[in-house]
Amino acid sequence: MKIVIIHGQSHEGSTCMVARELANKVGGEILEFFLPRDFEQPCKGCFTCFQTDLSKCPHFKSLEPLKEAVLDADLLILESPVYVYHATGQMMSFLDHFGTWWVIHRPMPEMSEKQAVAISTAAGGGMKSTVKDMADSLEMWGIHKVYKLGVGVQAVKPDEIPDRIRKTIHGKTDKLAKRIRKNAGKRGCNGRAKKWFYLMRFAHKHFAPMEPDFGYWEERGWHGKKRPWN
């Protein structure tokens, strides 16, 4: 299994530890990227990708290695510590660059073959909202299975995590790794993305076409019987 981990920070703390533990338990070829070290450009809001194509993004040269790795992965792990109850700015800026991949625009059929995990840890709280920040994009990309894992570690550094919490982490990653291996190789689309796909398909059929999205769907037969996940 090809696993890609995108770390929402450049230090190797508790969240990084959990992500690596899960990836190692799943097993396979692991490739890691650290933000902002491996991609530091904030989205300019220029709308170029929506009007043309992601390849026209002014940051595409530095974004392309991450984009290709994501498309090639069987399992995608996004992780971020809690920063003011949300994912890091670096993680959100990275995800901002892939707005055109959302199912309401130009979804990538490759996502139907993937699984993904959004992971967050914090000394206190905020894991739920932080995980949601990342899971929103993973689900709306149309990834087949999207899992969420948040852990309150009650520590600032990994070596300060209490033993009872370490035991909890080990148990959670054991169970999640098992689910991921069980679903490996399956195709499909998560329910949230599928709902939005059909809503947008209805809009395409009953309202004025919005290009280039409409043409992208038409070319792939999605206005007919074909679907991105088939």
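Reader: What volume does the largest cavity have?
Author: About 70 Å³. A cavity is a set of points on a 1 Å grid over the protein atoms alone where a 1.4 Å probe fits but cannot get out. The volume is the space filled by probe spheres set on the points, joined across faces, edges and corners. This is a predicted model: local features need pLDDT of at least 70, side-chain atom pairs 80 or more, while totals for chains, interfaces and linings use all residues. Numbering runs from 1 along each chain as its sequence is written, and side-chain values use heavy atoms, without hydrogens and water.

Reader: How many cavities of 30 Å³ or more?
Author: The structure holds 1.

Reader: Which residues line the largest cavity?
Author: Those with an atom within 4 Å of a point. Among them are V103, M108, C189, W141 and W229. The lining has 9 nonpolar residues, 3 polar and no charged. Gly counts as polar, Cys and Pro as nonpolar.

Reader: Switching to rings. How does W101 pair with W141?
Author: First, the search finds 13 aromatic pairs, with ring centres within 6.5 Å. F98 and W101 are tilted, at 4.5 Å and 50°. W101 and W141 are edge-to-face, at 5.2 Å and 75°. Planes under 30 degrees apart are stacked, over 60 edge-to-face, the rest tilted.

Reader: Why does the pair of W101 and W141 tie parts together?
Author: W101 lies in the loop between helix 4 and strand 4, and W141 in the loop between helix 5 and strand 5, so the pair links parts 40 residues apart in sequence. Helices are DSSP runs (H or I, at least four residues), as are strands (E, at least two).

Reader: Are W101 and W141 buried or exposed?
Author: Both are buried, with under 20% relative accessible area (1.4 Å probe, protein chains only).

Note on methods:
Phe/Tyr/Trp six-rings, centres within 6.5 Å; stacked < 30°, edge-to-face > 60°. Buried < 20%, exposed > 50% of the residue type's maximum accessible area, 1.4 Å probe, protein only. 1 Å grid on protein atoms, 1.4 Å probe; cavity = no way out; pocket = protein on both sides within 12 Å on 5 of 7 lines; lining within 4 Å.
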